[in-house]
Amino acid sequence: MNGHRDWGAPSDEQQPLTWLKGYPIYAAHFIVVVFVASMLVTTILMGFQNYALARWIGFNSELVLEGQVWRVLTYGFWNPPSFGFVADMFMIVWFGRELEKFFGRKKFLFLYGSVYLLTPLLLTAMGVFFPRAMAGETGAFALFIAFATLYPNVPLIFNLLAKWLAFILVGIFTLMAIAAQDHVGLLSLWATSGFAFGFVRYEQGHFTLPRLRLPRKKPNLRVLPDPVVVKKTYLAAPAAKEAATMVEVDALLDKIAKSGIGSLTAKERAKLESAREDLMKRGAGRG
């Protein structure tokens, strides 16, 4: 698999945070503990007909745009008890734990944090024209979509493969939202599911994000003077002439060694004398 990391031996990020009586505890379990605690507090407050906390922590795009930005983070902590809430907790524990084992703790927390914040951020952007409000945990179903993307052929309920079950549930929830005119639920469903699918496919290396290339300042150019060109003939000619003279002198010395100095012609004697004078001048110049 061409992924963004080598999914080989488990790293520390893929190990449990701790152990409880021999049972591994992952970050997904701590998320569930927080939400269960919020459900218990919500139940007590609702029992006393106290909804002040709900009005203070629930998401409202108009209030967020007025500066109450904490609502983007706190909206998920008002959770009345319901079978839907229980199902969400099981999804976080089961599918979240498997995702954490595979991707590691940091990437799992990034995934869940992203799907948790995605809906309120989108609603805030849309709130300028279409004010919206909501409260309650969100993001658990997106973890199931991520799991089904990672393990599409794992059999789940009634031996349905994970990928087919994901298609069926997304379709049913879409129809339910349309029938109830639940625009917030429909937006949250498709945005978080799409992000979870894209996250897994990106980590698997099926696509890459475009890189933002910032314009670079061009360096200031200086006009340099033309280089001085020295003809090779002026440099090579003396050396070539000297090499030719030494070859001729060597030939004349060989001739003297073989036939005596009397065998030299007048022209050859003149060359030999000229070479001797040149050597004496160079010697005087070095001295």
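At 12% relative accessibility, Phe141 counts as buried (buried means under 20% relative accessible area, exposed over 50%, and partly exposed in between, using a 1.4 Å probe and protein chains only). This is a predicted model, in which local features need pLDDT of at least 70 and side-chain atom pairs count only at pLDDT 80 or more, while totals for chains, interfaces and linings use all residues. Residues are numbered from 1 along each chain as its sequence is written, and side-chain values use heavy atoms, with hydrogens and water left out.

Which ring meets Phe141 edge-to-face? The partner is Phe173: the ring centres lie 5.2 Å apart and the planes stand at 75°. For a pair to count, rings of Phe, Tyr and Trp (its six-membered ring) need centres within 6.5 Å; planes under 30 degrees apart are stacked, over 60 edge-to-face, and the rest tilted. This pair links distant parts of the chain, with Phe141 in helix 7 and Phe173 in helix 8, 32 residues apart. Helices here are DSSP runs of H or I with at least four residues, strands are runs of E with at least two, and both are numbered from the N terminus. Phe173 is partly exposed, with a relative accessible area of 33%.

The structure holds 16 aromatic pairs. One of them joins Phe141 and Phe144 in a tilted arrangement, with 5.8 Å from centre to centre and 45° between the planes. These two residues sit three apart in helix 7, so about one helical turn separates them. An α-helix has 3.6 residues a turn, so residues three or four places apart point the same way. Phe144 is buried, at 2% relative accessibility.

Phe141, Phe144 and Phe173 also belong to one aromatic cluster, whose other members include Phe95, Phe147, Tyr151 and Phe199. Phe147 is found in helix 7 and is buried, with a relative accessible area of 5%. Leaving aside residues up to four places away in sequence, Phe147 touches Phe95, Glu98, Leu99, Val154 and Leu156 (contact means heavy atoms within 4.5 Å). From Phe147 to Arg97 there are 50 residues in sequence and 9.9 Å in space, C-alpha to C-alpha.

## Charged partners

Side chains of opposite charge can pair when their charged atoms come close. Here, a salt bridge means a side-chain nitrogen of Lys or Arg within 4 Å of a carboxyl oxygen of Asp or Glu, and the count comes to four. Glu98 and Arg97 meet in one of them, at 3.5 Å from N to O, and both residues are buried. Glu100 pairs with Arg105, their closest N and O atoms being 3.7 Å apart; both of these residues are buried too.

How far apart are the closest N and O atoms of Glu203 and Lys107? They are 2.8 Å apart, in another salt bridge. Glu203 lies in helix 9 and Lys107 in helix 6, so the pair ties together parts that are 96 residues apart in sequence. Glu203 is buried, with a relative accessible area of 7%, whereas Lys107 is partly exposed at 26%. Salt bridges with shared partners also join Arg97, Glu98 and Lys101 into one network.

## Helix 9

Just after helix 9, Gly205 takes a positive phi of about 85°.

## The surface and the whole chain

A nonpolar surface patch of about 960 Å² includes Ile157, Trp164, Ile168 and Phe173. Patches are made of residues with over 30% relative accessible area and no salt bridge; like charges are joined within 9 Å, and nonpolar side chains (Val, Leu, Ile, Met, Phe, Trp, Tyr) within 5 Å. Ile168 is found in helix 8 (residues 162-179) and is partly exposed, at 39% relative accessible area.

Now for the whole protein chain: its secondary structure comes to 11 helices and four strands. Buried residues make up 31% of its 287 residues. The chain exposes about 19,400 Å², with carbon and sulfur atoms supplying 67% of that area (areas come from the Shrake-Rupley method with a 1.4 Å probe, and for residues only the protein chains shown count as cover). Of the contacts between residues at least 6 apart in sequence, 68% join residues at least 24 apart.
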